[in-house]
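Student: I am new to this structure and would like a friendly tour. Could we go through it with questions and answers?

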Amino acid sequence: MRPHALAFGVLGTAGALALLPFFGPARAQPGDAPAAPTTAAPTTAAPETEAEGDAAAEPERSPEDVARRSRALATVNGERITVGDVEDTLARQTPFLRARFARPGRLAEMVRDLVQVRLMAAEAERRGYGDNPLVVRQTRQNAVQVLMRTEFDERMRPESVPDEDVRAYFDAHPDEFRREAMVRASSILVATREEAEALLAELREADLATFRQTARDRSIDPYTKLRGGDLRFFARTGLPARANPDDEPVAGPLVEAAFALADGGEVGDLAPEPVAVRDDFAVVKLTGARPAEVTDFERAEGPIRIRLWRERRQEALDIFVRDLRERAAPVLHLERMNAIVLDTEEDHPGLPADAPEPAKAPEPAESPSAPAESPPAPAPAAE
């Protein structure tokens with residue numbers, strides 16, 4: 001294992017040195033393990049993002065620029081740290097951090113830090129840390145990240161999805177790009193018309209906060225009273241908005257009352273009469289309204305393209321992993337999983353049995369079947 005890969009493993013796993021973010025791209029050597037940005041949180045530079053990594057792709061350069069970038073700023077154990085190494089390292093940082101290095105002396109400090117990392121990596125290699133399990137594990141994870149980026153992210157991009165495929169999806173899924181008119185209402189359900197009429201008179205000039213507090217105190221509907229009577233957004237069918245798919249359909253009389261308010265009144269209005277709901281009666285207040293909306297192709301094109309790209313990328317990844325499994329024919333002994341010993345309350349006597357697990361930063365998956373993180377595709381028509 002080369003010292004460069006070792007530095008990524010040992011220093012990245014420990015997360016103890018602020019120098020690591022300044023560790024620029026190493027010159028490739030025969031037998032090198034692929035290296036990628038570590039997952040440890042740096043203290044002096046922001047981690048490289050996917051977009052920044054793409055932006056750092058090697059452009060075409062003139063012979064003069066190649067010669068300029070190849071000039072050595074330092075030599076460590078026969079290896080050169082060049083102008084290009086420093087420029088590439090800076091290119092992976094945020095604009096704010098790059099601006100900091102415009103100050104006098106900061107670039108020289110960075111070069112000294114790079115030298116120190118190379119020295120420590122070489123010494124760690126000399127002492128045999130290349131075989132340390134932490135280093136091996138981190139190097140494997142970094143190699144998977146580089147594989148994912150090189151074989152999938154750089155070869156398959158959203159703009160590679162053909163325009164005709166985007167249009168075909170739009171034409172084939174019209175319901176995804178239309179939103180029905182919706183209203184939002186709150187209700188207070190009581191047992192008798194007389195009680196509802198009294199509430200209606202009491203709340204006619206009340207604001208929404210008072211209405212909702214009254215619902216919590218006096219509504220007999222267990223489903224909505226804890227939400228202050230809020231029925232949230234629903235369509236003329238009574239079905240909830242896609243943003244709240246677990247909500248129950250709203251009763252027909254409440255739907256009619258809410259849409260009547262929306263059609264002829266304003267948000268904040270109360271239904272003029274109590275609304276009969278089966279054997280009970282409700283006071284209904286309109287709290288929101290959304291007109292029907294149709295998303296045209298121009299606005300839908302970007303989200304569709306991202307959706308198709310993600311689906312096709314995942315399909316390519318699934319095929320890739322399937323081929324790996326067929327070639328390697330891994331053998332699993334899942335029946336032996338009962339031999340796994342997990343920590344119990346006895347192992348941590350001060351921890352309650354129902355205590356939540358402590359939060360920790362996610363690690364990159366060791367399995368090549370785990371896709372690299374990609375930007376989420378927004379819904380074509382948000383609710």
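This is a predicted model: local features need pLDDT of at least 70, side-chain atom pairs count only at pLDDT 80 or more; totals for chains, interfaces and linings use all residues.

Student: Is arginine 232 buried, partly exposed or exposed?

Tutor: Buried would need a relative accessible area under 20%, and exposed one over 50%. Arginine 232 has a relative accessibility of 23%, so it counts as partly exposed.

Student: Asparagine 77 has a positive phi as well. Where is asparagine 77 found?

Tutor: Most residues other than glycine have a negative phi. Asparagine 77 is not a glycine, yet its phi is about 50°. It is exposed, with a relative accessible area of 60%. Asparagine 77 is found in the loop between β1 (72–76) and β2 (79–82).

Student: Let's step back to the whole protein. What percentage of its residues is buried?

Tutor: The protein has 12 helices and eight strands. Among its contacts between residues at least 6 apart in sequence, 74% join residues at least 24 apart. Of the 383 residues in the protein, the buried share is 33%.

Student: Which element supplies the largest share of the largest nonpolar core?

Tutor: This core has 18 residues, and Phe234, Leu254, Val275 and Val284 have the most contacts inside it. At least two of its residues come from each of β4 (182–190), β5 (230–235), α11 (252–264), β6 (275–277) and β7 (280–290). The largest share, six residues, comes from α11.

Student: How many residues are in the second, separate core?

Tutor: Among the members of this core are Val190, Leu200, Ala215 and Leu270. Its number of residues is 12.

Student: What do the buried residues of α9 pack against?

Tutor: Helix α9 (residues 193–203) has Ala196, Leu199, Leu200 and Leu203 buried. They cover an arc of only 105° around the axis, so they lie on the same side of α9. On the other side of α9, Glu194 and Ala201 are exposed. The buried residues pack against β4, α10 (208–218) and β7.

Student: Last, the second largest pocket. How much space lies in it?

Tutor: Rolling a probe the size of a water molecule over the atoms shows where empty space is left. For the second largest pocket, that space is about 320 Å³.

Student: Which lining residues are the closest to the centre of that pocket?

Tutor: The lining of the second largest pocket has 11 nonpolar, two polar and five charged residues. Out of the 18 residues that line it, the closest to the centre are Asp221, Glu248, Ala251, Leu254 and Arg278.

Definitions and conventions:
Residues are numbered from 1 along each chain as its sequence is written. Side-chain values use heavy atoms; hydrogens and water are left out. On a 1 Å grid over the protein atoms alone, a cavity is a set of points where a 1.4 Å probe fits but cannot get out, and a pocket is an open set with protein on both sides within 12 Å along at least five of seven lines; lining residues have an atom within 4 Å of a point. Grid points are joined across faces, edges and corners, and a volume is the space filled by probe spheres set on the points. Ala, Val, Leu, Ile, Met, Phe, Trp, Tyr, Cys and Pro count as nonpolar, Asp, Glu, Lys and Arg as charged, and the others, Gly among them, as polar. A nonpolar core is a set of buried Ala, Val, Leu, Ile, Met, Phe, Trp, Tyr and Cys residues joined through side-chain atoms within 4.5 Å. Buried means under 20% relative accessible area, exposed over 50%, partly exposed in between (1.4 Å probe, protein chains only). Helices (H or I, at least four residues) and strands (E, at least two) are DSSP runs, numbered from the N terminus. The arc is that of the directions from the helix axis to the C-beta atoms. Contact means heavy atoms within 4.5 Å.
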